[in-house]
Amino acid sequence: MSAGRIDALREGLIDMIAEHGDDLQFGGTHQKSARVALAKALAVLATAEGGVTILGVHACTAEHEGCPGSIRPATDMDAAQAR
Ligand SMILES: [Zn+2]
């Protein structure tokens, strides 16, 4: 997805969550669409450098230092921190 498209999507998600945050939290006619917007916002945040971690879930779209989902071998520094 292009940066321009992500920016446009982000604007729409911000509007939905800001306008219907009460429905998101307490229920209401826009609860479903607000929940979908929140899930999409998590996906957008995953494209940021370092990704995003919320409620114990980490999401990212590119390899980065300290990623809990990394499959790269631990470096000496990582091993020292793990002790
Ligand atoms: Zn990550």
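Ala48 sits in the loop that links helix 3 to strand 1. Helices here are DSSP runs of H or I with at least four residues, strands are runs of E with at least two, and both are numbered from the N terminus. Everything below describes a predicted model, where local features need pLDDT of at least 70, side-chain atom pairs count only at pLDDT 80 or more, and totals for chains, interfaces and linings use all residues. Residues are numbered from 1 along each chain as its sequence is written.

Ala48 has 14 other C-beta atoms within 10 Å, so it counts as partly exposed. For that label, C-beta atoms are placed from the backbone: a residue is buried with 20 or more others within 10 Å of its own, exposed with 12 or fewer, and partly exposed in between. Ala48 and Ala59 are eleven residues apart along the chain, and their C-alpha atoms are 9.7 Å apart.

Now for some other loop residues.

| Residue | Loop between | C-beta atoms within 10 Å |
|---|---|---|
| His64 | strand 2 (57-59) and helix 4 (76-82) | 13, partly exposed |
| Leu55 | strand 1 (52-54) and strand 2 | 5, exposed |

What does Gly28 touch, not counting residues up to four places away in sequence? The partners are Asp22 and Asp23. Being in contact means that the C-beta atoms of two residues, placed from the backbone, lie within 7 Å. His64, again leaving aside neighbours within four places in sequence, is in contact with Glu49, Gly50 and Gly51. His64 and Gly51 are 13 residues apart in sequence, and their C-alpha atoms are 8.4 Å apart in space.

Most residues other than glycine have a negative phi.

On to the helices. Two packed helices are described by the angle between their axes and the distance between the axes. Helix 1 (residues 3-19) and helix 3 (residues 31-46) pack at about 140 degrees, with axes 9 Å apart. That angle makes helix 1 oblique to helix 3. Axes are lines fitted to C-alpha atoms, for helices over the stretch in contact, and angles run from 0 to 180 degrees between N-to-C directions. Under 35 degrees is roughly parallel, over 145 roughly antiparallel, 65 to 115 roughly perpendicular, and the rest oblique.

Who meets whom? On the helix 1 side, the residues are Ile6, Leu9, Arg10, Leu13, Met16 and Ile17, and they meet Ser33, Ala34, Ala37, Leu38, Lys40, Ala41 and Val44 in helix 3. By class, this contact has ten nonpolar, one polar and two charged residues. Nonpolar covers Ala, Val, Leu, Ile, Met, Phe, Trp, Tyr, Cys and Pro; charged covers Asp, Glu, Lys and Arg; the others, Gly among them, are polar.

Finally, the whole chain. The secondary structure comes to four helices and two strands, in the order α-α-α-β-β-α along the sequence. Of the 83 residues, 5% count as buried.
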